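My entries follow in the order of looking.

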Amino acid sequence: MPEWPDSASHRAWLDAHTRHLLAFGRNTADARGGAHWLDGDGRPDRSKPMHTWITARTTHVYALGSLLGVPGSASIAEAALVGLTSRLHDDAHGGWHPSVSHDGRPADGKACYDHAFVLLAAGSAVQAGLAGAADLLAEAQRVFLDRFWSDADGRCVDEWDTAFSAVEPYRGINANMHAVEAMLATASVTGERAWLARADRVCRFVADIAGSHEWRIPEHHDDTWQPDLDLNRDQPDHPFKPFGATIGHGFEWSRLLVHLDAALGSGDGSLVEAAERLFQRAVTDGWAADGAPGFVYTTDWSGTPVVRDRMHWVAAEAIGAAAALHRRTGRPEYAQWYRRWWDYADAYLIDHVRGSWRHQLDHANHLASSVWEGKPDLYHAVQATLIPRLPLYPMLATAVDEGLLA
């Protein structure tokens, strides 16, 4: 009997779950353009501003839905995309605001994290043939390369002021991680291998610095790329810049290294070796580390849990990494972890009554909301249903469009 990642019946379940998730988010689009933060029932939470990262991730997810042939997906993706070309776009200085209030007031600054998701969304929208997508992709590439990519460093800067006149000294691995995802996707859509070369430079840096810290990834750095291991020690559950090592990012980087290895076709094994070490460290430090099932959110630099809450995205990324490594290596332990984590997701994270995944649980796997209120978007969960059914490269939208979905 084939292992779960390769079984036809499991893949049928994944397909059904993809469609259930897309149905949950059907009210996310705003008639004026953009995508709302969703509450626990999938209703727009109008107490939250319109975020660029949620709007971009929604464009990406529903572009995938359109490519999958799910009715209604294209209209949701196009409405979200309009938000990126209008209210969230900074017409005065270029690029995209982090968010805009419902009365039209933009938040300050410009973040690589947001722009990486705009780049990802634009590529998926092009692949899905959405109106306005080609222009959005052209601008997203230009802004990303002009403002966020540092060729001297081989990595991305993190934050600018609103006018792009001054760059902040902070350098972050999280933004670079999503930049790598966007680079891989952009290379898939455009065929431009320069994006792979950039991704390779970032990934080699992360593998090197993780290897020098026992495969725990230092997330926070100064402008000379020296790690700051104590940042946010007093705010350890920060949603984007938590203190310590972030378990989910170990898995996410592990998967991205495997995708890059497939894209480059290098065959030297170093990227896959690093991916396996990152994966093992994340399992050892994170899985049931306090005796209860699930992944702790963060640990200190000795591997001791710091924030013990369980975030849905960590389990989703663990599933994706296990699927990618099983596909790349064929080793049965990855299939075993994959099955165990889907069982965990089904038991605790998937909301079988209200829909989607519960975004945050406490250390005893009870619903919590100190970091993530409601069920903001579908990005991590939807990708967890698609990665096991796709080749390692090209990336998701291109692979679905090329008929490579199993």
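At what angle do α8 and α9 pack, and how far apart are their axes? I find an angle of about 165 degrees and axes 8 Å apart. I note that this is a predicted model, in which local features need pLDDT of at least 70 and side-chain atom pairs count only at pLDDT 80 or more, while totals for chains, interfaces and linings use all residues. Residues are numbered from 1 along each chain as its sequence is written, and side-chain values use heavy atoms, with hydrogens and water left out.

**Entry 1: terms for helices.** Helices (H or I, at least four residues) and strands (E, at least two) are DSSP runs, numbered from the N terminus. Two packed helices are described by the angle between their axes and the distance between the axes. Axes are lines fitted to C-alpha atoms, for helices over the stretch in contact, and angles run from 0 to 180 degrees between N-to-C directions.

**Entry 2: α8 with α9.** The angle of about 165 degrees makes α8 roughly antiparallel to α9 (over 145 degrees counts as roughly antiparallel, under 35 as roughly parallel, 65 to 115 as roughly perpendicular and the rest as oblique). α8 passes α9 in a left-handed crossing (the near helix is turned anticlockwise from the far one by less than a right angle; clockwise would be right-handed). On the α8 side the contact (heavy atoms within 4.5 Å) includes Ile247, Phe251, Trp253 and Leu257. On the α9 side I list Leu271, Leu278, Phe279 and Val283 among the residues in contact. By class I get 15 nonpolar, three polar and two charged residues for this contact (Ala, Val, Leu, Ile, Met, Phe, Trp, Tyr, Cys and Pro count as nonpolar, Asp, Glu, Lys and Arg as charged, and the others, Gly among them, as polar).

**Entry 3: α6 with α8.** I then took helix α6 (residues 173-190) against helix α8 (residues 247-264): the angle is about 30 degrees and the axes are 11 Å apart. That makes α6 roughly parallel to α8, and the crossing is left-handed. Among the residues that meet are Met177, Glu181 and Leu184 in α6 and Trp253, Arg255 and His259 in α8. The classes are eight nonpolar, five polar and three charged.

**Entry 4: α1 with α12.** The axes of α1 (residues 8-24) and α12 (residues 379-386) come within 9 Å and cross at roughly 160 degrees, which makes α1 roughly antiparallel to α12. Leu14, His17, Thr18 and Leu21 of α1 touch Ala381, Val382, Ala384, Thr385 and Leu386 of α12.

**Entry 5: a sheet.** I traced an open antiparallel sheet of three strands in the order β9-β10-β11 (two strands pair if DSSP finds at least two bridges between them). β9 (245-246) and β11 (305-307) stand at the edges with a single partner strand each, so one side of each lacks a neighbour in the sheet. Two bridges join β9 to β10 (residues 298-299), and alanine 245 has threonine 299 as its bridge partner in β10.

**Entry 6: backbone.** Which residues other than glycine did I find with positive phi? Alanine 288 has phi near 50 degrees and is found in the loop between α9 and β10. Serine 356 has phi near 60 degrees and lies in the loop between α11 (332-349) and β13 (360-361). Alanine 288 is partly exposed at 28% relative accessible area, whereas serine 356 is buried at 6% (buried is under 20%, exposed over 50%, partly exposed in between, with a 1.4 Å probe and protein chains only). I also logged a cis peptide bond from tyrosine 393 to proline 394, with omega near 5 degrees.
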